[in-house]
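Trainee: Could you walk me through how to read aromatic pairs in a model like this one?

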Amino acid sequence: MRSAPLLDGAVWRKNIFPVIVFGVVADGVTFIFWICFNYLQLIEQIDLQLPLTCGFMITAAALWSVQYAREKLDNNIWSLRSAAIVGFVQGCALLSGISRFGTTFAALCWLGYSPRLAFSISFLVQWPLIVAGSLLGLS
């Protein structure tokens with residue numbers, strides 16, 4: 001499936017289950033990272049040693065490297081392997097200065113997704129985390 005049909009509502013209705021599974025796996029892996037970081041209090045320890053500038057440089061390097069990624073036309077868009085990798089990258093982006101959106105976009109491009117499709121999927125995977133973070137902030 002190419003990125004152009006993503007704008008068609010019929011494509012989303014047909015692929016809603018794989019999309020949900022992809023999002024659950026990706027965000028589930030990120031949630032495991034969050035639980036581990038909070039339980040072991042690793043984020044505070046790492047953030048003290050890793051300046052914010054390093055996180056910005058990691059994001060910049062990831063986005064700069066996208067120019068060398070090659071698109072694969074036979075890519076299985078909703079594979080569990082890709083979802084797990086995206087979740088792992090999001091989990092690493094819990095550290096200060098590292099952009100979740102930028103690093104997941106770069107990871108998807110390196111997995112063979114077109115930039116347009118990688119942008120769409122990265123945007124889609126961010127919403128549950130944004131909603132969860134907002135609800136957590138309300139309590």
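Trainee: Let's start with F101: is it buried, partly exposed or exposed?

Mentor: This is a predicted model, so take the values as computed from it. F101 has a relative accessibility of 25%, so it counts as partly exposed, because buried means under 20%.

Trainee: And how do I describe a pair of aromatic rings?

Mentor: You give the distance of the centres and the angle of the planes. Searching the whole structure turns up six aromatic pairs. Take F33 and F88: their centres are 5.3 Å apart with 75° between the planes, an edge-to-face pair.

Trainee: Where do F33 and F88 sit in the chain?

Mentor: F33 belongs to helix α2 (residues 16–40) and F88 to helix α5 (residues 80–92), so to speak distant parts of the chain, 55 residues apart, linked by the pair. F33 is buried at 19% relative accessibility, whereas F88, at 44%, is partly exposed.

Trainee: What kind of pair do F101 and F119 form?

Mentor: Edge-to-face again, with 5.1 Å centre to centre and 80° between the planes. F119 is partly exposed, its relative accessible area being 45%.

Trainee: Back in helix α2, is F37 buried or exposed?

Mentor: F37, which lies in helix α2, is buried, with 11% relative accessibility.

Conventions:
Residues are numbered from 1 along each chain as its sequence is written. This is a predicted model: local features need pLDDT of at least 70, side-chain atom pairs count only at pLDDT 80 or more; totals for chains, interfaces and linings use all residues. Side-chain values use heavy atoms; hydrogens and water are left out. Rings of Phe, Tyr and Trp (its six-membered ring) pair if their centres lie within 6.5 Å; planes under 30 degrees apart count as stacked, over 60 as edge-to-face and the rest as tilted. Helices (H or I, at least four residues) and strands (E, at least two) are DSSP runs, numbered from the N terminus. Buried means under 20% relative accessible area, exposed over 50%, partly exposed in between (1.4 Å probe, protein chains only).
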